[in-house]
Amino acid sequence: MDAINKKIAVVVLFIGVALSVLMLTTKLTEQPWFIFLFVLWVFVFCSCCYRLTPLFKTRNQVNDFIKRDAKHLVLFSLAGFFDKNLARSG
């Protein structure tokens, strides 16, 4: 899971580099939509960095991700959703 979080952070970092280059080479900082996009990127990047910290890893262990009953897993899967709907209608 740590490797996936690192890959996501790297992709988000490259998007930020592209936004920064656009910010420095054009006058997009005068556009409100670009400022909103940049603030959104900052939020996403901070979230990605938080997922790499030891605090996140201790609070969200892999063993705790799937601790549900079989009924809950059926409801959250797409096949289980259609199975439940077919059972109700038939």
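Helices (H or I, at least four residues) and strands (E, at least two) are DSSP runs, numbered from the N terminus. I started there, then looked up the rest.

**Entry 1: ground rules.** I am working on a predicted model, where local features need pLDDT of at least 70, side-chain atom pairs count only at pLDDT 80 or more, and totals for chains, interfaces and linings use all residues. Residues are numbered from 1 along each chain as its sequence is written, and side-chain values use heavy atoms, with hydrogens and water left out.

**Entry 2: the whole chain.** I found five helices and zero strands. Along the sequence, I read the pattern as α-α-α-α-α. Next I looked up burial. Buried means under 20% relative accessible area, exposed over 50%, and partly exposed in between (1.4 Å probe, protein chains only). Of the 90 residues in the chain, 12% are buried. Then I turned to contacts, meaning heavy atoms within 4.5 Å. I took the contacts between residues at least 6 apart in sequence; 51% of these join residues at least 24 apart.

**Entry 3: H1 and H2.** How do the axes of H1 and H2 cross? I noted that axes are lines fitted to C-alpha atoms, for helices over the stretch in contact, with angles from 0 to 180 degrees between N-to-C directions. H1 covers residues 2-25 and H2 covers residues 32-50. Their axes come within 10 Å and cross at roughly 155 degrees. H1 is therefore roughly antiparallel to H2 (angles under 35 degrees count as roughly parallel, over 145 as roughly antiparallel, 65 to 115 as roughly perpendicular and the rest as oblique). The crossing is left-handed, meaning that the near helix is turned anticlockwise from the far one by less than a right angle.

I listed the residues that meet. From H1 they include Ile8, Val12, Leu19 and Met23. From H2 they include Phe34, Trp41, Phe45 and Cys48. I sorted the residues of this contact into 15 nonpolar, two polar and no charged. Ala, Val, Leu, Ile, Met, Phe, Trp, Tyr, Cys and Pro count as nonpolar, Asp, Glu, Lys and Arg as charged, and the others, Gly among them, as polar.

**Entry 4: the loop.** I found threonine 29 in the loop between H1 and H2. Threonine 29 is partly exposed, at 35% relative accessibility. Leaving out residues up to four places away in sequence, I saw threonine 29 touch Met23, Phe34 and Ile35.

**Entry 5: lysine 7.** I placed lysine 7 in helix H1. Lysine 7 is exposed, at 61%. Lysine 7 and cysteine 48 are 41 residues apart in sequence, yet 9.7 Å apart in space, C-alpha to C-alpha.

**Entry 6: cysteines.** How many disulfides are there? A disulfide is a pair of cysteine sulfur atoms within 2.5 Å. I counted zero. The sulfur of cysteine 48 has its closest cysteine sulfur in cysteine 49, at 6.9 Å, so that pair is too far for a bond. For cysteine 49, the closest is in cysteine 46, at 6.5 Å, also too far. Cysteine 48 is buried at 8%, whereas cysteine 49 is partly exposed at 33%.
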